[in-house]
Structure formats: C-alpha cells, structure tokens
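Q: I am new to this structure and would like to learn how to read it feature by feature. Could we look at it together, with a general idea and then the case at hand?

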Amino acid sequence: MGSDTLSNQPRILVTGASGQLGHYILGRLENLGKKVVGWSQKSTGTLFGTELQPVDFSHGEVIVQALERAQPDVIIHAGAMSGADDVRKEPDRGQLINTKATRIIADWAGSRGARLIFTSTDMVFNGSRPMWHEDDPVCPILAYGCTKAAAEPFVTDIPKGLVARISLLFGPTLTGRPSFFTSTLNAIAQGQSRPVFVDEWRTPVDYITVARILCRLAIDRADVTGVLHIGGPERMTRYDLLRQGALWAGLDSSLLIPVKSKELDLPEPRPSDLSLDTRRLQALSLG
C-alpha cells in the first residue's frame with residue numbers, strides 16, 4: 001500500500017494491544033492495511049508490524065502526553081486491569097486503570113472529535129436473570145464490574161463514544177499466556193481433570209468474531225454510538241462451552257468435572273446469569 005493511501009487513512013490507536021483480545025485486533029487491522037498505534041502497559045517490541053508503546057494507565061499525565069503524541073482519529077480502548085480477582089485485591093488500582101484512565105481518554109477523544117470504542121463487560125450486571133439488554137440499568141456485584149460500570153458514562157457522554165459490552169471470550173491464545181479456555185483444554189489433553197462451573201450462564205463469543213466486529217465499528221460504522229452488546233448466539237454455561245470445545249478438539253470431555261460456584265467458598269459472589277441480548281448487534285449486520 002502506498003504512502004499517499006496510508007496518509008489519508010484514519011490513525012487508529014489500540015490500547016491493551018498486547019492482551020489476548022488486543023492481539024486479535026492488531027492482527028485484523030494489520031491484515032486490513034490500517035495505520036495503527038499500539039499501547040501496552042508494560043510490553044515493548046513489534047506486534048503484527050505495529051510498535052508497542054508502554055503507557056502506564058495509573059498516571060493520568062502519562063496518558064494525556066501519549067495521546068498528544070499519537071493524535072489518533074479512532075481509539076479502540078481495550079486496555080484494562082481485566083482480572084476480576086486482581087481488581088478485588090487491588091480496588092484502588094482497578095479504579096485508576098479501569099475507570100479514571102477511561103475518563104481521561106474519553107475527555108481527550110470528546111474534545112478532539114475522535115471516535116472512541118470502550119470494551120466493557122457483561123459483569124456490569126448482577127446476574128439475577130437472563131438476557132440482559134443494553135437499556136437495562138447496570139447493577140454490578142463484582143469489584144471489576146463496578147470499575148467498568150463507573151467508566152461507561154464517560155464514553156457514552158461524548159458524541160462518537162461507544163461502549164461495547166463483551167461477553168465471555170474464548171479461543172486460541174496468541175499471547176503465549178493461557179486463557180481459562182486454552183488452559184482447561186490443554187489440561188484435559190494431558191489426561192488431567194478440571195472442575196468447571198455449571199451454574200454460570202453467559203453468551204460466549206470467540207476472539208476472532210469480536211475483533212472483526214470492533215474493527216468494523218471503528219472503521220466503517222462511526223454512526224453506532226451509545227451501548228452495544230457483543231456476544232455469541234447461544235446462552236450456555238462454562239461447562240457447556242468447554243465440553244463443546246473438547247468434543248471439537250477430539251478430547252475426553254469426561255475429564256471436565258461439573259461443579260457449582262454456589263457450593264464453593266469464593267471471595268466474591270459469582271453472578272449466576274450474565275447472558276446478553278444481542279439483537280441490536282444482529283440488526284447492524286456487521287458481517
């Protein structure tokens with residue numbers, strides 16, 4: 001692709017570029033030949049042809065300075081303290097990274113007329129019923145969900161802001177760090193049994209699909225604003241998901257041991273049903 005063509009393209013910033021989803025987003029944008037800036041909290045080097053820039057989200061002035069250098073037209077904000085247990089243990093840091101940093105990015109994007117897509121979570125709900133809609137009031141019970149719910153209004157308040165609430169993600173890891181999905185399948189491939197919850201309902205969706213949708217929303221559909229739920233077509237439990245994955249991979253699904261989260265002494269209550277209503281997404285026909 002020639003330099004003149006690239007110069008006319010929007011400059012896209014991807015935060016959290018070294019994360020599981022970030023890898024897929026960068027790979028998709030690289031395949032599309034887009035002009036990309038990648039941020040990571042700690043990682044450096046080159047990923048899919050994009051140089052990773054370390055940006056510490058716990059320092060607001062660092063974020064603003066990095067935004068001024070990057071001058072993005074579009075921001076896919078996937079950077080976060082994403083481990084629910086990590087946020088429970090360090091709630092103040094979770095607020096800094098997930099809430100305050102998002103407010104800073106949203107304020108900058110709003111003042112510059114930039115497009116902002118913020119990756120939120122189904123955990124902004126309490127899990128008391130199935131098939132949550134975009135218009136339902138948020139009601140998180142997990143500390144992680146609280147930090148994301150608190151950040152959402154900063155994004156929806158700007159003209160080109162979109163909150164993309166994403167359901168449980170699955171698929172091969174591109175980072176070298178195993179996800180719950182790959183680590184469980186790897187374990188049973190080695191003949192090891194693994195306990196899996198049968199009483200937590202989600203609408204799981206794979207990384208490739210989410211990356212494709214987010215890139216379409218970033219590049220082609222800046223008219224889509226507000227809140228959008230991104231999830232798979234089927235409501236299922238973690239056990240259902242892993243069992244399907246094991247059968248697809250030709251593994252012994254009997255090594256998946258069904259357990260109930262309600263019977264365990266967990267440090268935080270687990271939402272029972274975080275399945276998402278995705279009719280708005282389906283109506284957009286993003287391909």
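Q: Is Arg88 buried, partly exposed or exposed, and what is its relative accessible area?
A: This is a predicted model, and in it Arg88 is partly exposed, with a relative accessible area of 29%. The class follows from the cut-offs, because buried means under 20% and exposed means over 50%, with partly exposed in between.

Q: With which residue does Arg88 form a salt bridge, and how far apart are the closest N and O atoms?
A: Arg88 forms the bridge with Asp85, and their closest N and O atoms lie 2.8 Å apart. Asp85 is likewise partly exposed, its relative accessible area being 34%.

Q: How many salt bridges does the structure hold, and which residue meets Asp220 in one of them?
A: The structure holds 12 salt bridges. In one of them the side chain of Asp220 meets that of Arg216, at 2.9 Å from N to O. Arg216 counts as partly exposed at 25% relative accessibility, and Asp220 is also partly exposed, at 47%. Another salt bridge links Arg221 with Asp223, whose closest N and O atoms are 2.9 Å apart, and here Asp223 counts as exposed, with 53% relative accessibility. Salt bridges can also share partners, and in that way Asp85, Arg88 and Lys89 are joined into one network.

Q: How should I read the sheet, and in what order do its eight strands stand?
A: Strands of a sheet pair through backbone hydrogen bonds, either parallel or antiparallel. Here eight strands form an open sheet with mixed pairing, in the order S3-S4-S2-S1-S5-S6-S7-S12. Strand S3 (45–47) and strand S12 (226–230) stand at the edges with a single partner strand each, so one side of each has no neighbour in the sheet. On average, neighbouring strands of this sheet are turned by 25° against each other, direction ignored.

Q: How do strand S5 and strand S6 run, parallel or antiparallel, and how many bridges join them?
A: Strand S5 (residues 74–77) and strand S6 (residues 115–121) run parallel and are joined by four bridges.

Q: Which strands does helix H3 lie across?
A: Helix H3 (residues 60–70) lies across S1, S2 and S5, and it runs at about 165° to S2. Helix H2 (residues 20–31) also lies across strands, among them S1, S2 and S3, and its angle to S1 is about 160°.

Q: How many residues has the largest nonpolar core, and which of them have the most contacts inside it?
A: The largest nonpolar core has 36 residues, and those with the most contacts inside it are Trp39, Phe57, Ile63, Leu67, Ile75, Ile105 and Leu116. At least two residues of this core come from each of S2, H3, helix H5 (91–112), S6 and helix H6 (143–156). H5 gives the most, with seven residues. A second, separate core has 34 residues, including Ile25, Leu52, Ile213 and Leu281.

Q: What covers the buried residues of H6?
A: The elements that cover them include H4, H5, S6 and S7. Among the buried residues of H6 are Tyr144, Lys148, Glu152 and Val155.

Q: Where is Glu200 placed, and is Glu200 buried or exposed?
A: Glu200 sits in the loop between strand S9 (194–197) and strand S10 (201–202), and it is buried, with a relative accessible area of 3%. The side chain of Glu200 makes a polar contact of 2.7 Å with the side chain of Arg270. Leaving aside neighbours within four places in sequence, the residues in contact with Glu200 include Met236, Ser261 and Pro271.

Q: In which loop is Ser18 placed?
A: Ser18 is in the loop between S1 and H2, and its relative accessible area of 13% makes it buried. Not counting residues up to four places away in sequence, Ser18 touches several residues, including His23, Trp39, Thr175 and Arg177.

Notes:
Residues numbered from 1 in each chain as written. Predicted model: local features only at pLDDT ≥ 70, side-chain atom pairs only at ≥ 80, totals over all residues. Heavy atoms only, no water. Buried < 20%, exposed > 50% of the residue type's maximum accessible area, 1.4 Å probe, protein only. Polar contact = N/O pair within 3.5 Å; in protein donor to acceptor, adjacent residues only side chain to side chain. Contact = heavy atoms within 4.5 Å. Salt bridge = Lys/Arg side-chain N within 4 Å of Asp/Glu carboxyl O. Pairing = 2+ DSSP bridges. Axes fitted to C-alpha atoms, helices over the stretch in contact; angles between N-to-C directions. Core = buried A, V, L, I, M, F, W, Y, C linked by side-chain atoms within 4.5 Å.
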